[in-house]
Amino acid sequence: MVAVASNQLYDQVVDVTREYLGPAADRFIARQITNHLQIAPEDLANADLRKLIDWLKLSMAFLTNDELLIERYISELKTIARIKPARKSSGGTRYKPVRSAVPYIKK
Amino acid sequence: MRGRKIYYVYAALVVIYLGLMFLIPPDPAVLKRYGLSATASRWLNVSVAVPLMAIWLAAFYGYAKLRSYSRLIRSSPEGRAVVTITNGVMILVLGLPLAAILRQILKYAAQLDNSLMAATTIISNYANLIFPLVAFILISAGTRSLIEIKKQRFPRYASHALIAIFAVISVGYSYFVLHYAFSDDANVDSVYKMPLWLVLMTLVVPYIYMWFIGFIAAYEMYLYNSAIKGILYRKSWSVLSAGLGVVIITQVVVQYLTTITPQLNRLSITAILLVVYALLLLMSVGYILVAYGAKKLQKIEEV
């Protein structure tokens with residue numbers, strides 16, 4: 001696992017990615033953020049998400065030709081981007097966990 | 001061994017093997033028995049060596065890809081286990097040409113001095129055993145670490161099935177060795193050049209042990225594969241684990257058949273050789289699957 005200081009947004013992106021890349025998800029996301037956004041993974045903010053999703057779509061296309069799978073992945077990531085911050089608590093901004101609504105059906 | 005280095009090693013071993021094949025004069029006794037000329041005998045050897053070298057190349061390619069992948073993930077939780085499996089595969093792969101080269105040298109030594117026959121037979125038998133034995137121990141340690149990461153246990157039906165397979169293999173193998181040892185036309189000393197108790201304790205037992213841990217390792221790979229998440233990761237890993245499973249199982253079956261060949265020599269030797277070559281071909285398919293799976297996994301770690 002990549003050592004990343006606590007960042008809930010980062011964790012959510014990794015959680016979604018884990019459904020596709022399993023144990024490699026953490027390393028994959030950390031690499032995309034570092035290489036393409038040129039920031040530390042723990043500094044990932046909501047404003048970076050759109051750009052990150054674009055890079056993730058491109059990177060995923062290198063790994064599979066299954067467009068349906070890529071679309072599903074991207075739409076799950078976009079769900080994270082659309083979520084508005086929940087009530088403020090002492091722990092700072094919180095995000096609802098994302099679970100895929102539509103199970104992936106391979107054609 | 002990084003990148004191209006492994007292919008240089010392969011090329012060097014192939015040159016040594018071919019060099020020995022052409023430089024060592026054919027055994028006159030063998031030529032007389034089969035009515036062959038020295039040139040015909042050399043061409044016959046080449047016809048056996050070419051598919052053999054292709055199989056070695058597939059094995060080296062599979063190992064090279066697995067090695068590249070394991071280097072990328074060595075600091076991850078599953079990294080250590082994959083590195084151990086890779087080291088096991090390296091010994092298995094290097095053992096293929098090394099054992100063949102050693103066999104050539106020993107055969108020539110026995111040809112030069114007949115009094116060395118017993119010593120060369122014994123060394124050759126242990127050389128055939130030692131590489132896969134060490135390799136299987138490492139692969140098994142790696143697969144065990146993998147299932148420990150996922151806190152998996154053997155299902156009861158799987159343990160029973162493995163024990164049943166193990167019992168059949170052990171009894172079958174022991175039967176062939178002992179049957180030949182007490183047959184009229186040969187005795188254990190003429191094949192192994194050692195007393196029976198030593199053959200049983202230092203050859204039969206290690207072979208059976210090695211095959212058993214090989215089967216367990218193949219099953220553990222399958223078990224780990226069934227527990228991992230990630231649609232793309234799992235797909236690539238299942239190709240890799242299927243490849244390793246094929247390599248392990250074919251290696252076991254080939255060893256089983258080749259070690260009992262003297263005992264089976266009443267059957268057609270051509271039939272046995274065909275089966276062994278079909279299995280070796282299957283083994284190279286296994287190594288190609290390992291390479292393909294490792295390449296896909298490597299891509300996930302590099303993009």
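Predicted model: local features only at pLDDT ≥ 70, side-chain atom pairs only at ≥ 80, totals over all residues.
Helices are DSSP runs of at least four residues, numbered from the N terminus.

**View 1. Thr250(B) within helix H9 of chain B.** Helix H9 of chain B covers residues 231-259, and Thr250(B) has its place there. Is Thr250(B) buried or exposed? Thr250(B) counts as buried because its relative accessibility is 3%, and buried means under 20% relative accessible area. A polar atom of the Thr250(B) side chain lies 2.6 Å from the backbone oxygen of Val246(B). The side chain of Thr250(B) also reaches a backbone oxygen of Val247(B), at 3.2 Å.

**View 2. A patch of positive charge on the surface.** Four lysines gather here: Lys235(B), Lys295(B), Lys296(B) and Lys299(B). Which helix contributes the largest share of the positive patch? Helix H10 of chain B, spanning residues 269-302, supplies that share with three residues. Lys295(B) is located in helix H10 of chain B. With a relative accessibility of 43%, Lys295(B) counts as partly exposed, since that class falls between the 20% limit for buried and the 50% limit for exposed.

**View 3. A nonpolar patch on the surface.** Val30(B), Tyr34(B), Leu36(B) and Leu44(B) make up this patch, and together they have about 360 Å² of accessible area. Val30(B) belongs to helix H2 of chain B, which runs over residues 28-34. The relative accessible area of Val30(B) is 32%, and therefore Val30(B) is partly exposed.

How values were computed: Residues numbered from 1 in each chain as written. Chains lettered and ligands numbered in written order. Heavy atoms only, no water. Patch = residues over 30% accessible without salt bridge, like charges linked within 9 Å, V, L, I, M, F, W, Y side chains within 5 Å. Areas by Shrake-Rupley, 256 points an atom, 1.4 Å probe, with all protein chains shown as cover. Salt bridge = Lys/Arg side-chain N within 4 Å of Asp/Glu carboxyl O. Lys, Arg positive; Asp, Glu negative; His and termini not counted. Charge placed at Lys NZ, Arg CZ, Asp CG, Glu CD. Helix = DSSP H or I, 4+ residues; strand = E, 2+ residues; numbered from the N terminus. Buried < 20%, exposed > 50% of the residue type's maximum accessible area, 1.4 Å probe, protein only. Polar contact = N/O pair within 3.5 Å; in protein donor to acceptor, adjacent residues only side chain to side chain.
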